[in-house]
Amino acid sequence: MEMKLTIKRVPTVVSNYQEDVGAATGERPREGCGRNCLGECCLPFSELPVYAFKANPAKLPSQEGVVPTDFFINLLLGQWEDRMTQGLFRYDVTACETKLITGNLGFVAQLNEGRHLKKRPTEFRVDRVLQPFDAAKFNFTKVGQEEVLFQFEKSFGDDSYFMKSAPITVADCAPNVVAINVSPIEFGHILLIPRVLDHLPQRIDQESFLLALHMAAEAASPYFRLGYNSLGAFATINHLHFQAYYLTAPFPVEKAAMQRIPLAEGGKKSGVKVSKLMNYPVRGLVFEEGNTLNDLADVVSSACIWLQDNNVPYNVLISDSGRRIFLFPQCYAEKQALGEVSQELLDTQVNPAVWEISGHIVLKRREDYEEASEASAWRLLAEVSLSEARFEEVKAYIFDAAGLVQSHVEDEAEDALYAPVPVAPPAVADGCLVRQ
């Protein structure tokens with residue numbers, strides 16, 4: 001008999017329509033369901049703003065009238081603030097206390113008691129990274145269009161542009177949409193939902209991952225990062241999506257030391273460089289550069305595909321305007337289901353997904369926030385990590401899947417420990433940022 005690993009889950013509410021999971025899923029009349037949603041009943045007959053991103057982000061603007069480099073991030077944050085004034089969020093995240101924890105890495109702690117409220121306890125299966133899309137459960141086609149900021153589509157040239165209103169065209173490809181997360185972790189917290197009408201389960205492929213890299217490149221800001229959680233690694237909605245938000249502080253993982261993994265000539269054709277994190281509580285791989293954005297997307301998505309096809313939960317952080325990607329295979333939910341996580345950690349109710357693993361730890365109880373330290377953050381995140389032996393085993397499979405060949409020839413330059421160029425934090429008094 002097959003054993004199912006489940007844990008009591010309290011999923012984050014990402015949409016104001018999430019509680020309405022009993023809506024019918026059959027055919028709707030042309031006039032829609034009356035909610036102006038993102039489903040087949042309404043979206044094909046709607047108009048939404050559209051941001052068209054550069055087909056070739058490496059190409060410099062060559063004519064007047066192109067979108068300035070900071071236009072995308074200003075547009076996104078402006079639209080997000082507009083939804084705040086409309087009262088669409090479940091709480092005011094800008095009122096949440098946040099502080100930089102003293103220590104070598106500078107973990108960011110946030111007290112977000114609003115994420116405790118109005119949540120539905122459910123049974124969540126954690127031993128299957130790939131699960132079929134279930135239209136009867138909440139998915140992003142049930143989101144109201146007022147929660148959508150704009151479509152995010154590829155332009156027909158090498159310049160970006162924005163239109164305040166454009167009809168939805170579904171003949172060739174379902175639209176990619178950017179929507180708010182109504183339970184935000186930070187300022188500008190949004191969801192990127194590729195091909196929303198295609199009912200894609202939470203599963204990365206090359207096309208969807210490249211789309212996320214394009215968004216990071218358009219933002220062109222070190223403070224705007226995208227994240228991805230697989231099922232089994234604290235994704236709570238089985239409908240393909242990435243998350244992103246704007247935080248004006250470096251993530252600890254971005255400051256962590258890395259060790260370059262030397263590649264044989266056959267593994268260098270993409271131009272992608274690979275390192276492993278050192279002296280960080282969660283073992284992970286770092287992918288950088290690449291001859292093109294496509295090359296970087298090909299390598300990293302191949303690694304992700306191997307992980308999900310082989311039932312290894314994982315998280316991804318897209319950093320440095322899409323030039324640097326952190327990949328974390330993890331096992332916390334499995335340990336939790338097997339009763340191998342201490343009660344002390346369970347009592348915090350922190351689910352270590354991509355943001356927590358990256359060092360932005362969202363705490364739900366004031367006592368945990370007030371007592372937060374680098375040691376407590378490290379203790380939590382260490383439970384997420386694969387063992388060294390298992391990580392090396394998984395790394396070998398990932399390299400094979402991604403067409404990377406590790407060189408066993410000693411190369412002092414390649415094998416050296418190094419720290420990346422730090423993201424400059426905002427000026428703060430006494431090394432601590434407290435926002436109230």
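Two strands count as paired if DSSP finds at least two bridges between them. In this predicted model, β3 meets that mark: three bridges join β3 to strand β4, residues 108-111. The two strands run antiparallel. Leucine 100 stands opposite valine 108 of β4.

**The sheet**

β3 and β4 belong to an open sheet of three strands. The order is β3-β4-β17, and the pairing is mixed. β3 (98-100) and β17 (360-363) are the edge strands, each pairing on one side only. On average, neighbouring strands of the sheet are turned by 20° against each other, direction ignored.

Helix α9 spans residues 374-382. Its buried residues include Glu374, Ala377, Leu380 and Leu381. These residues lie on the same side of α9, because they cover an arc of only 130° around the axis. What covers them includes α5 (332-337), α6 (343-348) and α7 (354-358). Strand β17, an edge of the sheet, is also part of that cover.

**Cysteines**

How many disulfides are there? The count comes to zero. A disulfide needs two cysteine sulfur atoms within 2.5 Å. For cysteine 37, the nearest cysteine sulfur is that of cysteine 41, 3.4 Å away, so cysteine 37 is in no disulfide.

| Residue | Relative accessible area | Class |
|---|---|---|
| Cysteine 37 | 4% | buried |
| Cysteine 173 | 36% | partly exposed |

Buried means under 20% relative accessible area, so cysteine 37 falls in that class at 4%. Cysteine 173, at 36%, is partly exposed.

Technical notes:
Residues numbered from 1 in each chain as written. Predicted model: local features only at pLDDT ≥ 70, side-chain atom pairs only at ≥ 80, totals over all residues. Heavy atoms only, no water. Helix = DSSP H or I, 4+ residues; strand = E, 2+ residues; numbered from the N terminus. Axes fitted to C-alpha atoms, helices over the stretch in contact; angles between N-to-C directions. Buried < 20%, exposed > 50% of the residue type's maximum accessible area, 1.4 Å probe, protein only. Arc of directions from axis to C-beta. Contact = heavy atoms within 4.5 Å.
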